[in-house]
Amino acid sequence: MREIVMDTETTGLDPNQGHRLVELGAVELINHVPTGRTFHRYINPERDMPEEAQRIHGLSAEFLSAHPVFAASEVVDEFIAFIADSALVIHNAAFDMRFINAEFARCGRPLLHQSRAIDTLTIAQRRFPGAPNSLDALCRRFGVDNSARTKHGALLDSEILAEVYLHLLGGRQVTLGLMTPDVRANGGRTVVRNRHEPRIFTPSVAELEAHEAFIGKLKHAIWLQ
């Protein structure tokens, strides 16, 4: 099973008010295990950067002006190829999906269906109703190291979210419970055991006679009818 954990950074809160994507980050999981494959691009939003947004992610309009626009093949084509048809694991998925689909619409690409998104915020709210469920709050809850997160960053946040997602599913190493005791006891290494052919035990004459005598004492045994 392939999943893509992803995050975005933007110039603001609403694409309908002209706000744009400025960063995309994504991490590949296979069977809930990070493979090491990632996707990361800074994006020229073709507009100014509001001060409040820059305080969050630290990306200036000057810095982003040196990077490609979303419609460039090295952004949109490579992003589409990377996510393929996999499920998208996103914290507060509706926000990111709206911005991605707004960019897709601008360059005439098919929109992503909301059903592809696995919203970790929704999962956290169901598991911990009434508790803080921001990414930072979940890191504190699960003991995930987010000390490098001095600013929001799409790739770093995706990597942190991937670890949080595994905890939300039930554990840091979700496959551990499926391991045999031999594997668990040896630090996850598979132990090869030599298997012997089953031994055939032939009953002795005395054992057969004792069995027949025991059967003879039974009344109405169904296998004798």
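This is a predicted model: local features need pLDDT of at least 70, side-chain atom pairs count only at pLDDT 80 or more; totals for chains, interfaces and linings use all residues.
**Entry 1: a term to start with**

I count a residue as buried under 20% relative accessible area, as exposed over 50%, and as partly exposed in between. With that in hand I looked up Lys-151: at 40% relative accessibility, Lys-151 counts as partly exposed.

Where does Lys-151 sit in the chain? I found Lys-151 in the loop between helix 6 and helix 7.

**Entry 2: the overall layout**

I stepped back to see the whole protein. I noted 9 helices and 5 strands. Reading from the N terminus on, I wrote the order down as β-β-β-α-α-α-β-α-β-α-α-α-α-α. The protein has 225 residues, and 39% of them count as buried.

**Entry 3: the largest nonpolar core**

I kept one general point in mind here: in soluble globular proteins, nonpolar side chains tend to be buried together.

Which residues have the most contacts inside the largest nonpolar core? My list reads Met-6, Leu-24, Phe-70, Phe-79, Leu-88 and Ile-100, in a core of 23 residues. The elements that give two or more residues to this core are strand 1, strand 2 (21-30), helix 3, strand 4 (87-90) and helix 4. Helix 4 gives the most, with 6 residues.

**Entry 4: aromatic rings**

Next I went looking for rings. As a reminder to myself, a pair of aromatic rings is described by the distance of the centres and the angle of the planes.

Phe-39 has a relative accessible area of 4%, so I noted Phe-39 as buried. Phe-79 is buried too, with a relative accessible area of 1%.

My other pick was Tyr-42 with Phe-63. This aromatic pair is edge-to-face, with 5.0 Å from centre to centre and 85 degrees between the planes. Tyr-42 lies in strand 3 and Phe-63 in helix 2 (residues 61-64), 21 residues apart, and this pair also links distant parts of the chain. Are its members buried or partly exposed? Tyr-42 is partly exposed at a relative accessible area of 25%, and Phe-63 is partly exposed at 35%.

I also found a cluster: ring pairs link Phe-39, Phe-70, Phe-79, Phe-82 and Phe-104. Phe-70 and Phe-79 from this cluster were already in my notes among the core residues with the most contacts.

**Entry 5: charges over rings**

Then I checked where charged ends sit over rings. The charged end of Arg-2 sits over the ring of Phe-82, 5.6 Å from the ring centre. Over the ring of Phe-128 I found the charged end of Arg-141, 3.8 Å from the centre.

**Entry 6: the largest pocket**

I turned to the largest pocket, which has a volume of about 550 Å³. Its lining has 25 residues, and those nearest the centre are Thr-8, Glu-9, Ile-56, Phe-95 and His-152. The elements giving two or more residues to the lining are strand 1 (2-10), helix 1 (51-57), helix 4 (93-106), helix 6 (135-142) and helix 7 (154-169).

Which element gives the largest share of the lining? I found that strand 1 does, with 5 residues. Sorted by type, the lining divides into 8 nonpolar, 10 polar and 7 charged residues.

**Entry 7: two loop residues with positive phi**

Last, I looked up backbone angles in two loops. Asn-31, in the loop between strand 2 and strand 3, has a phi near 50 degrees, a positive value in a residue other than glycine. Asn-31 is partly exposed, with a relative accessible area of 42%.

Glu-46 belongs to the loop between strand 3 and helix 1. Its phi is near 60 degrees, again a positive value in a residue other than glycine. Is Glu-46 buried or exposed? With a relative accessible area of 55%, Glu-46 is exposed.

Note on methods. Residues are numbered from 1 along each chain as its sequence is written. Side-chain values use heavy atoms; hydrogens and water are left out. On a 1 Å grid over the protein atoms alone, a cavity is a set of points where a 1.4 Å probe fits but cannot get out, and a pocket is an open set with protein on both sides within 12 Å along at least five of seven lines; lining residues have an atom within 4 Å of a point. Grid points are joined across faces, edges and corners, and a volume is the space filled by probe spheres set on the points. Helices (H or I, at least four residues) and strands (E, at least two) are DSSP runs, numbered from the N terminus. Ala, Val, Leu, Ile, Met, Phe, Trp, Tyr, Cys and Pro count as nonpolar, Asp, Glu, Lys and Arg as charged, and the others, Gly among them, as polar. Buried means under 20% relative accessible area, exposed over 50%, partly exposed in between (1.4 Å probe, protein chains only). Rings of Phe, Tyr and Trp (its six-membered ring) pair if their centres lie within 6.5 Å; planes under 30 degrees apart count as stacked, over 60 as edge-to-face and the rest as tilted. A charge sits over a ring if NZ of Lys or CZ of Arg is within 6 Å of the ring centre and within 35 degrees of the ring normal. A nonpolar core is a set of buried Ala, Val, Leu, Ile, Met, Phe, Trp, Tyr and Cys residues joined through side-chain atoms within 4.5 Å.
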